[in-house]
Amino acid sequence: MTKKILVLPGDGIGPEIINEAVKVLKVVDSKFDLALELDEALLGGAAVDATGVPMPEETLTKAKAADAVLLGAVGGPKWDKIETANRPERGLLGIRSNLKLFANLRPAILYPQLADASSLKPEIVSGLDILIVRELTGGIYFGQPRGIRTLENGEREGFNTYVYSESEIRRIAHVAFDLARQRNRKVCSIDKSNVLEVTVLWRDVMEEVAKEYPDVELSHMYVDNAAMQLVRAPKQFDVLVTGNMFGDILSDEAAMLTGSIGMLPSASLDINGKGMYEPCHGSAPDIAGQGIANPLATILSAAMMLRYTFKEGEAADAIEQAVSKVLDQQLRTADIWSEGMQKVSTSAMGDAVIAALQAS
Ligand code: IPM
Ligand code: MG
């Protein structure tokens, strides 16, 4: 059976990094006989320019028909002035919510070769392997009502709604606990239950679900403390589970522990394991078109896709090992470069991963 992948290059460095991931996918496809079938569509600013909207119908139809989606990144200053409802980011949020991709997995793993690239001391981060499970289709990102209104006194007021239903919380809790079972059996749920009712409920439901997993240890932490603990002693964590906005913020922070956000892949899954895979980083418009972006997060996202959606663990392992091998060879894009290492371009990095794959 063919495996249908929809590729969405997006904006900024998106097309450059996607190009490398697609090169790598074609090589593993023939090496492991995966029968991959790749198609492409527009999302984000590129879609706004071509069609006037960030998520064209055609893209959504193709995404629904695909088994998995591989995304580069969306957004950029060019589209910053567009009204909120038509911004490139809305295309991304639209795909996430239309495909019901509620479970966002963001692993933060420090490659030993990159211990020096982290801004934290090597002893704090060496061996780091944590997984952030972020709820992706609810919370304040999607809550209604939302908007900017003018009050009677003429002053404008902006408002959003932070809302989670029990079933939404339960669903993401199960994902976190199930994944903890494949790891170190610890879940830390992040909330702000000292202030926000929605997260009082969040904490309650986490406790309830935990009863079904007596072999997994559940702890709770306020988000402000979690932000601090992540830089103080990140290795205390195994799986962190949290809502959409806290997860957005903490995953950027966790990414930096690993040296560069340019290394981190992510998976966004629906209830059946269908998924969209994308690097955690953004479209980096400041370096777009220069051929210096790090393609490894996107290449590793493609590996996650093979593992989670297609259950092709061997092919996923091969990609991850090839990435580790190019780091051993001291090849570095600018974001992870340090004295004595060899600085390479986006495409040279992709080629090196392919060479390592072919040699294995
Ligand atoms: C992310 C990004 C997105 C988010 C933006 C681009 C809408 O920051 O995937 O973390 O906030 O979810
Ligand atoms: Mg983010």
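A few ground rules come first. Because this is a prediction, local features need pLDDT of at least 70 and side-chain atom pairs count only at pLDDT 80 or more, while totals for chains, interfaces and linings use all residues. Residues are numbered from 1 along each chain as its sequence is written, chains are lettered from A and ligands numbered from 1 in the order in which they are written, and side-chain values use heavy atoms, with hydrogens and water left out.

**Around the ligand**

Which residues are around ligand 1? They are Glu89, Leu92, Arg96, Arg106, Arg134, Tyr141 and Asp248; a residue counts as near if one of its heavy atoms lies within 4 Å of the molecule. By type, this shell has 5 charged residues, 2 nonpolar ones and no polar ones. Here Ala, Val, Leu, Ile, Met, Phe, Trp, Tyr, Cys and Pro count as nonpolar, Asp, Glu, Lys and Arg as charged, and the others, Gly among them, as polar.

Helix 4 (residues 88-98) gives the largest share of the shell, 3 residues. Helices (H or I, at least four residues) and strands (E, at least two) are DSSP runs, numbered from the N terminus. Domain 1 (1-110 + 261-360) and domain 2 (129-257) each supply at least three residues to the shell; those bounds come from an automatic or database domain assignment.

| Side chain | Distance to an oxygen atom of ligand 1 |
|---|---|
| Arg96 | 2.7 Å |
| Arg106 | 2.8 Å |
| Asp248 | 2.9 Å |

Taken alone, ligand 1 exposes 320 Å², and the protein buries 77% of that. Accessible areas come from the Shrake-Rupley method with a 1.4 Å probe, and for residues only the protein chains shown count as cover.

Strand 5 (residues 129-135) has 6 of its 7 residues buried, meaning under 20% relative accessible area, with exposed being over 50% and partly exposed in between (1.4 Å probe, protein chains only). Strand 5 pairs with strand 4 (residues 103-109) in the antiparallel sense over 7 bridges; two strands pair if DSSP finds at least two bridges between them. In that pairing, Ile109 stands opposite Asp129. Strand 5 also pairs with strand 10 (residues 239-242), this time in the parallel sense over 4 bridges, and there Ile132 stands opposite Leu240.

Strand 4 is joined to strand 11 too, antiparallel, by 3 bridges, with Asn104 opposite Ser268. What about cover for strand 11 (residues 265-269)? 5 of its 5 residues are buried, so strand 11 is largely enclosed by the rest of the structure. In a regular strand the side chains alternate between the two faces of the sheet. For strand 11, Pro265, Ala267 and Leu269 are buried on one side, and Ser266 and Ser268 on the other.

Strand 11 and strand 12 (residues 275-279) run antiparallel, joined by 5 bridges, and Pro265 has Pro279 as its bridge partner. The two strands form a hairpin with 5 residues between them, and Gly273 in the turn has a positive phi of about 90 degrees.

**Two residues in helices**

Gln229 sits in helix 8 (residues 223-232) and is buried, at 10% relative accessible area. Its side chain makes a polar contact of 3.0 Å with that of Arg232. Ala359, in helix 12 (residues 346-359), is exposed, with a relative accessible area of 58%.

Note on methods
Polar contact = N/O pair within 3.5 Å; in protein donor to acceptor, adjacent residues only side chain to side chain.
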